[in-house]
Amino acid sequence: MKCPSLSQCNIDIRRYLQQSRITVTKFIAIFFCILTALLILYYFLFDQTDPQSTVVYINNYYNNISSSSQLTLPPDYSFLNNIKDKFKPDYVIRTSDKSQKPTCIIIIRTADGAIGNRMFLFASAYGLARLHQCDLYIAPWILTDLRSVFTINLQDTPIHLITKDSILKQPGLYGRYSSCTLFDDLLKVPLKSNLTFYEMIGFYQAFGYFIKYKDEITYLFQFNQGSIINNVPLVEQLLKAVWNIPLNLGIYTKDNVTHKYLKLLLTQPPSPLIPVTWIAIHIRRGDFLTFFKIDTSVEYLNYAMNYYRRKYINCRFLIASDDKDYAQKNLANNSDIFITPKSFFSGDDLAALALCEHTIVTAGSYGWWAAWLAGGNVLHDLTYPVPSQNCIREHYFPPWFVFPHNKPNITQKFNSSNSSQS
């Protein structure tokens with residue numbers, strides 16, 4: 001039907017709607033319902049705009065693998081295919097924006113003790129800076145010392161790193177010492193005004209400062225290539241001793257193999273070989289014999305090893321110690337026990353212990369971190385920390401550390417002075 005004029009067409013449309021008993025309001029409502037239904041149908045059928053993440057999470061990197069990162073390996077080692085070695089954890093993507101201006105500064109410029117103590121101080125400083133979105137000042141020598149063992153790639157984190165020493169000359173700096181005390185006021189958000197320019201002095205051996213960022217700390221404490229290279233001959237020796245198979249580095253060489261790859265060689269042998277459960281043992285003696293007046297007992301070590309032998313099938317134990325003669329004399333008579341070479345320095349031993357799945361610790365922050373890096377279950381001796389450290393045990397020990405051996409393992413000479421730790 002042709003309309004002689006626009007006004008005549010409008011009259012005809014209204015007349016038609018009236019005759020069909022459909023009001024204009026109903027017509028508009030029906031039109032928008034149909035349009036909405038079509039848009040919803042299009043979204044579910046054709047929309048492909050969601051990004052597909054290829055991030056591999058630290059705690060689940062075996063199951064979340066990027067298909068573009070497959071390694072070409074010999075058939076016997078096909079179980080190691082689909083391993084992604086170059087990864088950044090999810091938090092890097094979520095919080096990589098450093099544009100927000102920090103309102104506080106966390107400072108560490110002095111550090112006592114050895115690598116374990118510095119790891120605690122660094123991790124606690126990082127955790128507090130991360131929690132409060134603070135700038136972080138680390139004395140260059142501390143960072144250099146940590147990087148002799150680990151990558152410590154702070155560029156991959158949301159933390160602002162201050163490198164100029166002039167920051168230390170600003171007024172209002174507040175410093176406080178801690179051995180292993182968890183100061184509640186440092187965890188309150190926002191920080192009190194007197195804590196916004198804060199220097200950490202001492203050790204800060206309380207996991208509560210950084211447990212919220214566990215994955216980030218583990219990511220920063222990845223072993224550098226120097227620490228890994230010295231462990232290649234050790235892994236070769238272990239493969240030969242346990243399964244009588246050669247070391248096969250696949251697409252790697254000993255100069256660029258990753259720590260994760262070496263760990264998989266030990267924990268996931270190719271079929272039909274029978275897997276074993278690797279248990280790390282760190283025995284701390286040295287200055288603890290005189291400084292803290294505590295010693296490791298063979299009774300505790302045997303109890304702990306038997307605990308794991310009952311819990312897991314086919315265990316093997318790898319021992320690192322500052323007194324390897326002691327380990328050799330008292331424990332090496334068992335065929336399921338191996339000791340790291342005497343030529344290893346502290347970083348090599350730490351990387352070796354982290355190749356294992358579970359841990360036995362005697363004392364000290366070095367063994368604590370070996371357990372953290374290895375993952376899995378942890379058995380710890382009851383003799384440490386000693387009373388003079390004034391440590392609250394719940395501040396120092398995470399909940400996954402257990403103490404099944406209920407007798408104090410202190411030398412007879414010093415038993416009476418430390419009996420309160422049993």
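Author: Gladly! The structure holds 2 disulfides. This is a predicted model, in which local features need pLDDT of at least 70 and side-chain atom pairs count only at pLDDT 80 or more, while totals for chains, interfaces and linings use all residues. Residues are numbered from 1 along each chain as its sequence is written, and side-chain values use heavy atoms, leaving out hydrogens and water.

Reader: What makes Cys104 and Cys134 a disulfide?

Author: A disulfide is a pair of cysteine sulfur atoms within 2.5 Å. The S to S distance from Cys104 to Cys134 is 1.9 Å, so the pair is a disulfide.

Reader: Why is the disulfide of Cys104 and Cys134 called left-handed?

Author: Because the torsion about the S-S bond of Cys104 and Cys134 is about -90 degrees.

Reader: How do you know that Cys180 and Cys391 form a disulfide?

Author: Their sulfur atoms are 1.5 Å apart, so Cys180 and Cys391 meet the cut-off too. This disulfide is left-handed because its S-S torsion is about -110 degrees.

Reader: Why is Cys180 called buried?

Author: Buried means under 20% relative accessible area (exposed is over 50%, partly exposed in between; 1.4 Å probe, protein chains only). Cys180 has 1%, so Cys180 is buried.

Reader: And what makes Cys391 buried?

Author: Cys391 has a relative accessible area of 18%, which is under 20%, so Cys391 counts as buried.

Reader: How do you know that Cys315 is buried?

Author: The relative accessible area of Cys315 is 6%, so Cys315 is buried as well.
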